[in-house]
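Hi,

Here is the structure I promised to pass on.

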Amino acid sequence: VASVAKTCVAPLERVKMLLQNQHEMVRAGRLERTYGGAVDCVVRTWQTEGIWSFWRSNAVNVARYFPTQAFNFAFHGEFKKLFQVHSFPSHSSTWIFANLAAGSAAGAAGSILTYPLDFVRTRLAADVKSVGSRQFSGAVDCIRQIVQSNGASGLYRGFSVAVVEMMFYRGVYFGGYETLKGWWLSPEAGFWKKFGTSYVSTISAGLVAYPMDTVRRRMTMEMGDAAVSRRYTAGGWQAARMIWRENGWRELYRGVGVNVLRAAGGALVLAGFDHVKDLMQRKQDKLAI
């Protein structure tokens with residue numbers, strides 16, 4: 001389900017990252033001019049690279065997604081036990097905080113293990129044919145060039161921002177879903193009600209974490225090219241201030257409309273996992289009777 005969902009929204013993923021990173025691509029001389037919006041991005045990419053280019057980096061994304069989600073769901077369950085979520089009165093402020101804390105901790109723990117793959121995905125998605133040939137021939141070539149130019153630590157550029165981002169994102173993604181589910185849904189709720197609830201939590205998580213996502217992806221764009229000077233030398237906060245000062249606060253949300261559409265993929269995975277888990281639990285309860 002996860003691989004199908006990510007493949008379906010892969011074109012939206014690439015358009016979103018092209019919009020986020022367009023100013024860095026122009027500065028590096030890899031994009032002739034910035035895009036006029038999502039439609040202009042789609043048209044120009046189709047004209048210069050063809051329709052299949054919208055799935056560029058999708059293989060890496062699918063490969064990244066399985067361990068990321070596996071770690072997140074596994075860690076989430078363990079952190080819910082650690083924070084004793086079920087010991088608090090349902091719908092209380094302590095219960096809500098414990099849900100959010102468990103989701104945040106799961107996101108941070110999962111990021112440590114899978115960040116290099118997300119780094120490679122970003123660089124491949126933002127590698128265009130607009131001016132000359134592509135910089136990278138594939139994922140392995142991308143890793144090789146980054147390591148040669150910046151060392152293995154280059155693959156973790158922007159990682160500190162990503163950890164904070166994942167804490168916010170997963171906190172709302174998991175914790176928000178658990179909280180809304182407790183408020184809105186009965187134990188017998190069907191899949192589509194769960195999907196609607198998870199879509200709300202996924203969109204909310206994306207909106208909360210999006211500025212941090214933009215900052216750390218901009219930071220990754222400075223790796224692997226000796227001709228491009230590094231501007232974001234003092235970390236994520238400095239990068240955010242520079243982006244705001246040069247292009248306004250809206251630049252931190254560039255591509256967020258596309259991100260709302262692609263949130264359906266993450267919502268499908270969350271609702272699907274939860275629905276299957278509930279079905280298995282009901283089956284076990286019936287066998288125990």
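Let's start with the lining of the largest cavity: its residues divide into 9 nonpolar, 11 polar and 12 charged. Here Ala, Val, Leu, Ile, Met, Phe, Trp, Tyr, Cys and Pro count as nonpolar, Asp, Glu, Lys and Arg as charged, and the others, Gly among them, as polar.

Before the rest, some housekeeping. This is a predicted model, where local features need pLDDT of at least 70 and side-chain atom pairs count only at pLDDT 80 or more, while totals for chains, interfaces and linings use all residues. Residues are numbered from 1 along each chain as its sequence is written, and side-chain values use heavy atoms, with hydrogens and water left out.

As for terms, everything sits on a 1 Å grid over the protein atoms alone: a cavity is a set of points where a 1.4 Å probe fits but cannot get out, a pocket is an open set with protein on both sides within 12 Å along at least five of seven lines, and lining residues have an atom within 4 Å of a point. Points are joined across faces, edges and corners, and a volume is the space filled by probe spheres set on them.

Cavities

There are 3 cavities of 30 Å³ or more. The largest cavity holds about 440 Å³ of space. It is lined by 32 residues, and R64, M166, Y169, R170 and R216 are the closest to its centre. Helices α2 (10-27), α4, α5, α7, α8 and α10 each give at least two residues to that lining (helices are DSSP runs of H or I, at least four residues, numbered from the N terminus).

The second largest cavity has about 100 Å³. Of its 13 lining residues, A28, R30, R123, Q135 and M221 come closest to the centre. By class, that lining has 7 nonpolar, 1 polar and 5 charged residues.

At least two lining residues come from each of α4 (58-82), α5 (93-125), α7 (159-184) and α10 (256-288).

Helix α9 gives the largest share, 5 residues. Among the lining residues are V161, V208, W237, R241 and W244.

Cheers
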